[in-house]
Amino acid sequence: YPINDRITMVGLSDKTGHVLLVPFEGMYIPELRRIFLNAKRLVGQNVIQFDIPKLFKALEIEWKD
């Protein structure tokens, strides 16, 4: 199957066992950008190799590792 670079949903959590899943569209995009620009810590599976580069590019955020 071809890989699709389109982001459709983003999951966010502030504590174990809780998640908020939002669509990657419309009014959510500027809010997601604000959240990621102000995040003190990012945790995820494959976050460095996949999630952050793809998501930050879509949000027009420069990734500084």
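This is a predicted model: local features need pLDDT of at least 70, side-chain atom pairs count only at pLDDT 80 or more; totals for chains, interfaces and linings use all residues.
The description begins with the two helices. Helix H1 spans residues 28–38 and helix H2 spans residues 47–59; their axes lie 10 Å apart and meet at an angle of about 125°. Angles of 65 to 115 degrees count as roughly perpendicular and those over 145 as roughly antiparallel, so the arrangement of H1 relative to H2 is classed as oblique. The crossing of H1 over H2 is left-handed. On the H1 side, the contact is formed by Ile-29, Leu-32, Arg-33 and Phe-36, while H2 contributes Leu-55, Phe-56 and Leu-59. Sorted by class, this contact between H1 and H2 comprises six nonpolar residues and one charged residue, with no polar residues. Arg-33 of H1 is among the contact residues, and arginine belongs to the charged class.

Attention now turns to the largest pocket, whose volume is about 800 Å³. Its lining consists of 29 residues, and those nearest the pocket centre are Gly-11, Leu-12, Ser-13, Phe-36 and Val-43. Strand S1 (9–12), H1 and H2 are the elements that each supply two or more residues to this lining. H2 provides the largest share, with six residues. By class, the lining of the pocket contains 16 nonpolar, six polar and seven charged residues.

Technical notes
Residues are numbered from 1 along each chain as its sequence is written. Side-chain values use heavy atoms; hydrogens and water are left out. Axes are lines fitted to C-alpha atoms, for helices over the stretch in contact, and angles run from 0 to 180 degrees between N-to-C directions. Helices (H or I, at least four residues) and strands (E, at least two) are DSSP runs, numbered from the N terminus. Angles under 35 degrees count as roughly parallel, over 145 as roughly antiparallel, 65 to 115 as roughly perpendicular and the rest as oblique. A crossing is left-handed if the near helix is turned anticlockwise from the far one by less than a right angle, and right-handed if clockwise. Contact means heavy atoms within 4.5 Å. On a 1 Å grid over the protein atoms alone, a cavity is a set of points where a 1.4 Å probe fits but cannot get out, and a pocket is an open set with protein on both sides within 12 Å along at least five of seven lines; lining residues have an atom within 4 Å of a point. Grid points are joined across faces, edges and corners, and a volume is the space filled by probe spheres set on the points.
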